Amino acid sequence: MGPRPACLPRRPYHTSSRLTGRDTALPPSCSEVISLELHTLASGSSGNALLFSAGGAHLLVDAGISCKRITEGLHTLGLSPADLSGILITHEHSDHIAGLATLLKRHPLPLYTSPGTAGQLCRRMAFIDELIYEMEPGEDYEVGPFGVSPFATSHDAAQSMGFSLEHGGCRAAVVTDLGYVSDEVLDGVLGAQLVVCESNHDVDWLLSGSYPYPLRARILGDRGHLSNEAGADLARQCAEHGARTLVLAHLSAENNTPARAMAVAQTALESAGITVGIDVDLSVAPRNQLSHRYEV
């Protein structure tokens, strides 16, 4: 790791070992009560934002849509930005931070991200330097009642991450914007009961579409995005290790459809003897609207 950006306050984190020694079996406490809830506010190449709720607390993951849309989504759930315990940012691309500056100007919330992403955000939004807390991939943290474990992902950003969140013995994971599934990703997601995983594009559609060659190469590269097949394989592995709710996310508007992503994932799951609708719930996060409630 490089030196901490000079603009960042040196504030301590509360480290936690609660997420070590993960068990892939469904914890009794998780099977008896709803401990973690998820709503997606938007998901796709045009903007991403997710809301996790537990124990009366709420964490926003990414702010890639306007502050107005984020606020409207929260209001639909009976919440406001003031109810957020903080914001987790996966990386600095615009479809993950488009509404962040306005949101933080109006509501100065704690912001949690990797050192590399923190440096990028400080250069773009000097006023947020007192709000940022750095999280190192592979370490465990506590944010309010949530256990948060970030893990490294391979993407063409400064230091992108996915997140695993734990509460009351239940675990959920978010992993999008990655060119391939690394051991660090598998360690971060396997054993989670709810997983939001990328299913960005159909390879044939991408290759035969209108995107210029450099953009196609970027998307297909090791620092790009998971195809439907790669996302389906990740979903299968998650289901084999205890996931009961799988949400396909970050679909391309030009090179994918919800029906196509669902079909590929369902085929991968059922080829492994996992029946959708019985063994696992499978769905696609809506592109431009609030999702229904996912829960574990």
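This section describes a helix, a pocket, a cavity and a loop residue in a predicted model.

Helix H10 spans residues 258-271 and comprises 14 residues. From its first C-alpha to its last, H10 reaches 20 Å, close to the 20 Å expected at 1.5 Å a residue. Its buried residues are Ala261, Val264, Ala265, Ala268 and Leu269. Viewed down the axis of H10, these buried residues fall within an arc of 130 degrees, and they therefore line one face of the helix. The face turned away from this buried side bears the exposed residues Ala259, Thr267 and Ser271. The packing partners of the buried residues of H10 are helix H9 (228-240), strand E12 (245-249) and strand E13 (281-284). Just after H10, a positive phi of about 80 degrees is adopted by Gly273.

The largest pocket contains about 250 Å³ of space. It is lined by 19 residues, of which Ser45, Asp95, Arg218, His225 and His250 are the closest to its centre. At least two lining residues are supplied by each of helix H3 (94-97) and helix H8 (213-220). The largest share of the lining, three residues, comes from H8. Classified by residue type, the lining of this pocket consists of four nonpolar, 10 polar and five charged residues.

The volume of the largest cavity is about 60 Å³. Its lining is formed by Thr40, Ala42, Ser43, Asn48, Leu50, Asp62, His96, Thr176, Val196 and Ala249. By class, these lining residues divide into four nonpolar, five polar and one charged.

Leu190 is located in the loop that lies between helix H6 (183-189) and strand E11 (194-198). The relative accessible area of Leu190 is 17%; because the buried class comprises values under 20%, Leu190 is assigned to that class. When neighbours within four places in sequence are left aside, the residues in contact with Leu190 are Arg171, Gln237, Cys238 and His241. Among the contacts of Leu190, Gln237 and Cys238 fall within the range of helix H9 (228-240), the helix against which buried residues of H10 pack.

How values were computed:
Residues numbered from 1 in each chain as written. Predicted model: local features only at pLDDT ≥ 70, side-chain atom pairs only at ≥ 80, totals over all residues. Heavy atoms only, no water. Helix = DSSP H or I, 4+ residues; strand = E, 2+ residues; numbered from the N terminus. Expected span 1.5 Å × (residues − 1). Buried < 20%, exposed > 50% of the residue type's maximum accessible area, 1.4 Å probe, protein only. Arc of directions from axis to C-beta. Contact = heavy atoms within 4.5 Å. 1 Å grid on protein atoms, 1.4 Å probe; cavity = no way out; pocket = protein on both sides within 12 Å on 5 of 7 lines; lining within 4 Å. Points joined across faces, edges and corners; volume = space filled by probe spheres on them. Nonpolar A, V, L, I, M, F, W, Y, C, P; charged D, E, K, R; others polar.
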